[in-house]
Amino acid sequence: MKKLPLLFVGLLAGSVLLAACARPTPNPQAQIQQAVAATLAAIPTPTRAEMPLPIPTATPMSLVGLFCEYQFCIGHPPEMAFFDVSAQQNPGNVSGYAQGMIAAYSANLFIQVLWQTAPGASDPTFLIDLILDDAYDTRTGELSVTQVRNMNVLYSSIGTNASPLLPFGGVGGWTCGDRVFAWKTYTPDSGSAQALFNDALNRFVCQQ
């Protein structure tokens, strides 16, 4: 085995020593600061406390069995819900303030409401005639006139062959502000239509 020259061994030892001296000694304080900073960054920030929810105020009437939309409210049986007939027939022609049609139905009841603006009109007969279907509905009584909270209200019983399960019903109409409303129902018996109409009108309000 050849011996390394003494000069080469000295140079090698010197370079190792210089390399060891050139490598900076880690600063413990800097390491601690970095560790603390990393730890603080990993701690999740506390979430902002939620704002307390406002306490709901009492409404002037129960919302159960009450339809409110298009700037009017009307009563209906609680087990039913109105839907926008206009939107179902034509999605681009939804009901609105100026005109619209809603309906609700179950296995033993059908209710329909129609409205449109008619400034200055005081007689809702034309809209009653419109909501009655010439092919199915027939008025079986005279239109009675009553006063309900300053609204002239017309009502009549009807017969219908639209469904063999619902051969009876009623129709009514009234004006509120610049709009005229018409209401119709099909029922399985001859005695419930008037009560349904009264309940609808007793809870009816509209923006005037």
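How many bridges join S7 to S8, and do the two strands run parallel or antiparallel? Five bridges join S7 to S8, and the two strands run antiparallel. Strands and helices are DSSP runs numbered from the N terminus, with at least two residues (E) for a strand and at least four (H or I) for a helix. Two strands count as paired if DSSP finds at least two bridges between them.

This is a predicted model, in which local features need pLDDT of at least 70 and side-chain atom pairs count only at pLDDT 80 or more, while totals for chains, interfaces and linings use all residues. Residues are numbered from 1 along each chain as its sequence is written, and side-chain values use heavy atoms, with hydrogens and water left out.

**Confidence and overall content**

The mean pLDDT of the chain is 80 (pLDDT is the predictor's confidence in each residue, from 0 to 100). A value of 70 or more is reached by 70% of the residues. Over residues 1-22 pLDDT stays under 50, and the model has one contact beyond four places in sequence for this stretch. Over residues 35-43 pLDDT also stays under 50, with zero contacts beyond four places in sequence. Contact here means heavy atoms within 4.5 Å.

The chain contains five helices and 11 strands. Of its 208 residues, 33% count as buried. Buried means under 20% relative accessible area, exposed means over 50%, and partly exposed lies in between (1.4 Å probe, protein chains only). The accessible surface comes to about 13,700 Å², and 61% of this belongs to carbon and sulfur atoms. Accessible areas come from the Shrake-Rupley method with a 1.4 Å probe, and for residues only the protein chains shown count as cover. Among contacts with a separation of 6 or more, 47% are between residues 24 or more positions apart.

**Strand pairing**

| Strands | Bridges | Direction |
|---|---|---|
| S6 and S8 | three bridges | antiparallel |
| S7 and S8 | five bridges | antiparallel |
| S8 and S9 | seven bridges | antiparallel |
| S9 and S10 | nine bridges | antiparallel |
| S5 and S10 | eight bridges | antiparallel |

S8 is mostly covered, since eight of its 10 residues are buried. Thr138 stands opposite Gly159 in S8, and Gly159 in turn has Phe168 as its bridge partner in S9. Val145 has Leu154 as its bridge partner in S8.

S7 and S8 form a hairpin with two residues between them, and Arg149 in the turn has a positive phi of about 50°. Asn150 is found in the loop between strand S7 (144-148) and strand S8 (151-160). Asn150 also has a positive phi, about 65°, although it is not a glycine. With a relative accessible area of 74%, Asn150 is exposed. Most residues other than glycine have a negative phi.

S9 (residues 168-176) pairs with S10, and the two form a hairpin with two residues between them. Gly177 in that turn has a positive phi of about 65°. Gly170 stands opposite Thr185 in S10. On the pairing with S5 (residues 109-117), Phe110 stands opposite Tyr186 in S10.

Nine of the nine residues of S10 are buried, so the strand is largely enclosed by the rest of the structure. Arg179, Phe181, Trp183, Thr185 and Thr187 point one way from S10, while Val180, Ala182, Lys184 and Tyr186 point the other way.

The structure holds one salt bridge, defined as a side-chain nitrogen of Lys or Arg within 4 Å of a carboxyl oxygen of Asp or Glu. The side chains of Asp137 and Lys184 form this contact at 2.9 Å, N to O. The pair links distant parts of the chain, 47 residues apart: Asp137 lies in strand S6 (residues 137-139) and Lys184 in strand S10 (residues 179-187). Asp137 is buried at 8% relative accessible area, and Lys184 is buried at 3%.

**A further positive phi**

Tyr70 is another residue other than glycine with a positive phi, near 55°. Tyr70 is found in the loop between strand S1 (66-69) and strand S2 (72-75). At 17% relative accessibility, Tyr70 counts as buried, whereas Asn150 is exposed.
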